[in-house]
Amino acid sequence: VASQDDSDTALLEVAEVGELDVSINESASNLSVTDEENVTVVADVENTGDVSLTQDITASVGAANQDIVTDLTVAGGATESVTLEFPADLAFDGEDVTVASADTTDTAPLAIAEVGELTVENFTAPAEVPQGERLNVSADIVNTGDVELEQNVTLVVDGEPSDTFTRPVSVSGNSQTTIGFS
């Protein structure tokens, strides 16, 4: 700065504004879930500049926002971790989740497995059994979903569940097993 009579100088520092750089931490996230669970996305948000920045951080699948952290403030040169969570949907299977700041985005693949249910098919039993003879019945227990399920299967005789004929059955996803009672 100078006038006609005097001058002075000072050092002027210009701080870099930078950006909020998002990065999905896949090892800390839960991206492979069933349709009955929540997807959890952990993202590291790094401020690449020297001054504090405040932005919203969003998680989206396709064009639809699933969760948002509003007004996240990160000091210059610092990194903050955020967790975004939303219900899983079978339509998300094979899609990418995108985490975004106003400056950058990162994506990671989702895997959503259907829980399904165990159904009874191909039940076979004689219409009548003479007194004193052994009753033999069988049925296929079918898992309609992608994940292994376990349930107790009970033979019902004349409308009454039988404690004697109850056993746990475990069926892998999209498969079946045949059980028999005698």
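Which backbone nitrogen does the side chain of Gln 55 reach? In this predicted model, local features need pLDDT of at least 70 and side-chain atom pairs count only at pLDDT 80 or more, while totals for chains, interfaces and linings use all residues. Residues are numbered from 1 along each chain as its sequence is written, and side-chain values use heavy atoms, with hydrogens and water left out. The side chain of Gln 55 reaches the backbone nitrogen of Ala 102, at 2.8 Å. A polar contact is a pair of N or O atoms within 3.5 Å; within protein, one must be able to donate a hydrogen and the other to accept it, and residues adjacent in sequence count only if both atoms are side-chain atoms.

The protein chain has zero helices and 14 strands; here helices (H or I, at least four residues) and strands (E, at least two) are DSSP runs, numbered from the N terminus. The radius of gyration of the protein chain is 30 Å, whereas a compact globule of 182 residues would have one near 16 Å (taken over C-alpha atoms, with a globule rule of 2.2 Å times the number of residues to the power 0.38). Along the principal axes, the C-alpha atoms fill a box of roughly 125 × 25 × 25 Å. Of the 182 residues, 30% are buried, where buried means under 20% relative accessible area, exposed over 50%, and partly exposed in between (1.4 Å probe, protein chains only). The protein chain exposes about 11200 Å², of which carbon and sulfur atoms supply 43%; accessible areas come from the Shrake-Rupley method with a 1.4 Å probe, and for residues only the protein chains shown count as cover. Among contacts (heavy atoms within 4.5 Å) between residues at least 6 apart in sequence, 59% join residues at least 24 apart.

Two strands pair if DSSP finds at least two bridges between them; β1 and β3 (residues 38–47) pair in the antiparallel sense over five bridges. Within this pairing, Ser 23 stands opposite Asp 44 in β3.

Gln 55 itself lies in strand β4 (residues 53–61) and counts as buried because its relative accessibility is 12%. Not counting residues up to four places away in sequence, Gln 55 touches Leu 20, Val 69, Thr 70, Asp 71, Leu 72, Ser 101, Ala 102 and Asp 103. Val 33, in strand β2 (residues 32–34), is also buried, at 3% relative accessibility. Beyond its neighbours within four places in sequence, Val 33 is in contact with Asn 38, Val 39, Ala 88, Ala 111, Ile 112 and Ala 113.

Most residues other than glycine have a negative phi. Asp 71, found in strand β5 (residues 64–74), has a positive phi of about 50° and is exposed, with a relative accessible area of 55%. Asn 122, in strand β10 (residues 118–124), has a positive phi of about 55° and is exposed at 53%.
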